[in-house]
Amino acid sequence: MDDRDVRLLKAIAELETGSPERLHEATGIPVSTIHYRLNNLREEGIIANDRYDIDLEELGLGVTVLVEIHADYQGSYEEFADRLLTVEGVTNVYFTMGETDFIVVARLSDSEMVERLIAEFEQLEGVDRTVSTFVISAVEERDALQSYSLETLLEELVDT
């Protein structure tokens with residue numbers, strides 16, 4: 001993987017498309033080169049399917065960390081959550097009830113990145129402490145709709 005591959009993957013994630021023309025506009029990489037590189041990324045398993053989902057394990061971001069954030073902040077929880085999202089590697093932020101104020105999910109490459117992540121959280125104003133959990137293995141990751149039967153979705157979501 002080189003600079004162009006990384007720039008393409010970043011553009012795919014930001015644009016939410018694999019359109020070679022749109023990727024060319026965003027990156028300046030020639031369309032023919034984009035076609036070639038997208039095929040290679042598919043063969044390597046980094047691009048997982050026709051929806052351009054990226055396999056983060058294959059990409060090199062295989063460490064998942066769940067971080068509980070205990071906070072004492074000023075302002076709204078949305079503003080504080082936005083600050084948590086500025087930390088590189090953070091993919092999800094959840095505002096929670098109970099002892100923990102926020103749960104953060106981060107995807108990282110190695111333990112050095114985990115150390116950097118925690119250090120950045122602890123430097124944010126309003127973070128009292130963190131509790132981190134390494135995910136050993138993702139047993140199942142699926143879209144929310146996959147966890148329901150069609151009957152349940154129809155019953156719960158269709159306006160009557």
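**Exercise 1. Identify which residues of the largest nonpolar core touch the most other members, and which elements supply this core.**

Solution. Begin with the term: a nonpolar core is a set of buried Ala, Val, Leu, Ile, Met, Phe, Trp, Tyr and Cys residues joined through side-chain atoms within 4.5 Å, where buried means under 20% relative accessible area, exposed over 50% and partly exposed in between, with a 1.4 Å probe and protein chains only. The largest such core has 19 residues, and Val67, Ile69, Phe80, Leu84, Val104, Leu117 and Phe121 touch the most other members. At least two core residues come from each of β1 (63-71), α5 (77-85), β3 (102-108) and α6 (111-123), helices (H or I, at least four residues) and strands (E, at least two) being DSSP runs numbered from the N terminus. Another core, of 12 residues, lies apart from it and includes Leu8, Leu23, Leu41 and Ile46.

The model is predicted, so local features need pLDDT of at least 70 and side-chain atom pairs count only at pLDDT 80 or more, whereas totals for chains, interfaces and linings use all residues. Residues are numbered from 1 along each chain as its sequence is written, and side-chain values use heavy atoms, with hydrogens and water left out.

**Exercise 2. Decide whether Arg37 is buried or exposed, and list what Arg37 touches.**

Solution. Locate Arg37 in helix α3 (residues 31-43). Arg37 counts as buried because its relative accessibility is 14%. Finally, leaving out residues up to four places away in sequence, Arg37 is in contact (heavy atoms within 4.5 Å) with Asp2, Arg4, Asp5 and Leu8.
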